[in-house]
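I open this notebook to record what I looked up in the structure. The entries follow in the order in which I made them.

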Amino acid sequence: MQTFSLISQKGGAGKSTLVRQLSVLAAEDGPAIIIDRDPQGTSTKWWQRRQEIDPPLERPDLLTLEGSDLPRAVSALKSKAGVLFVDTRPAVTEPEAEAARVADLVLVPIRPSPDDIEAVGDTLRILKRLEKRAVLIVNAARNEARATGARAALSRYPIPVCPFYLTDRTAYLDASLEGRGVGEMKGQGAKEATIEIRRVWDWIKTEAASYEH
C-alpha cells in the first residue's frame, strides 16, 4: 500500500480537502484508506457524513488507530494493495514528523499568499532533515495569475511543484458538507473541480512512481 502524508506548518492550507478528494479518486482504482491524525477530526467527520448517504459509498475506508501507533499500522498495511492518506494537524512537531517518516511521499499544500509561501520554508527544512521526499501543491488559488505567481515563488525550493493547482471553489466546501468527492456532485463548478483535482492526482501518481525507480 502506497502512503501519502499531508503535512503543513500553517493552518488552513487545505490538507483535509486534499485527503478527502484524493482518497475518492484513489478509490476508483482499488482500496483507499484515510488515517485522521488531526485532533479536529475534519476528515473523520466527512467520512461519517459519507456513511449516511443512501446507499453508503464503500470507499474510501477510515482507519482508527485504537491504541496502535502509526508506524505499526502503516507497516501492517504495507503489503496490501491500495493507497493510504494520512491527515495531520497544522504543525510540524513529533506527530507530524512521524507521519512524514511513514510516507512514501509527503504532500504539502500551500495557499498562494505571501505568508503561506514564506511559512512553507519551515516545513521543508524539517522534511529535509527527515530525508523525506515531498511535493508542493498550490491550493485555493483565486485565479491563474495567483497560482502562477505562487509556483514561481515556490520554484526557489529544490522540491517539485505541481504544475496544476486547485481553485478556491465552493464545490469543495459543498462536497465536504455532503461527505462526497467533487466528482460525485452535480453542477458546472463540481465538474470543473473534478477536472483539476484529477490533474493533480495524476501528477502525484507520476511523481510517486518516479521515486520508486
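Entry one, the second largest cavity. I noted that helix H1 (15–26) and helix H8 (188–211) each supply at least two residues of its lining. The model I am reading is predicted. The largest share of this lining, 3 residues, comes from H1. I listed the lining of the second largest cavity as Gln21, Val24, Leu25, Gly181, Val182, Gly183, Thr194 and Ile197. These residues divide into 4 nonpolar, 4 polar and no charged. I recorded a volume of about 30 Å³ for the second largest cavity.

Entry two, the largest cavity. I found a count of 2 cavities of 30 Å³ or more, and the largest has a volume of about 60 Å³. Strand E5 (105–110) and helix H5 (114–129) each supply at least two residues of its lining, with the largest share, 4 residues, coming from H5. The residues of this lining divide into 5 nonpolar, 3 polar and 3 charged. Among them I noted Ser8, Lys10, Val108 and Asp116.

I located Arg50 in helix H2 (residues 42–51).

I placed Val161 in the loop between helix H6 (144–154) and helix H7 (170–178). Val161 and Val108 are 53 residues apart in sequence, and I noted 9.6 Å between their C-alpha atoms. Not counting residues up to four places away in sequence, Val161 touches Leu136, Arg151, Leu154 and Trp203.

Conventions. Residues are numbered from 1 along each chain as its sequence is written. This is a predicted model: local features need pLDDT of at least 70, side-chain atom pairs count only at pLDDT 80 or more; totals for chains, interfaces and linings use all residues. Side-chain values use heavy atoms; hydrogens and water are left out. Contact means heavy atoms within 4.5 Å. On a 1 Å grid over the protein atoms alone, a cavity is a set of points where a 1.4 Å probe fits but cannot get out, and a pocket is an open set with protein on both sides within 12 Å along at least five of seven lines; lining residues have an atom within 4 Å of a point. Grid points are joined across faces, edges and corners, and a volume is the space filled by probe spheres set on the points. Ala, Val, Leu, Ile, Met, Phe, Trp, Tyr, Cys and Pro count as nonpolar, Asp, Glu, Lys and Arg as charged, and the others, Gly among them, as polar.
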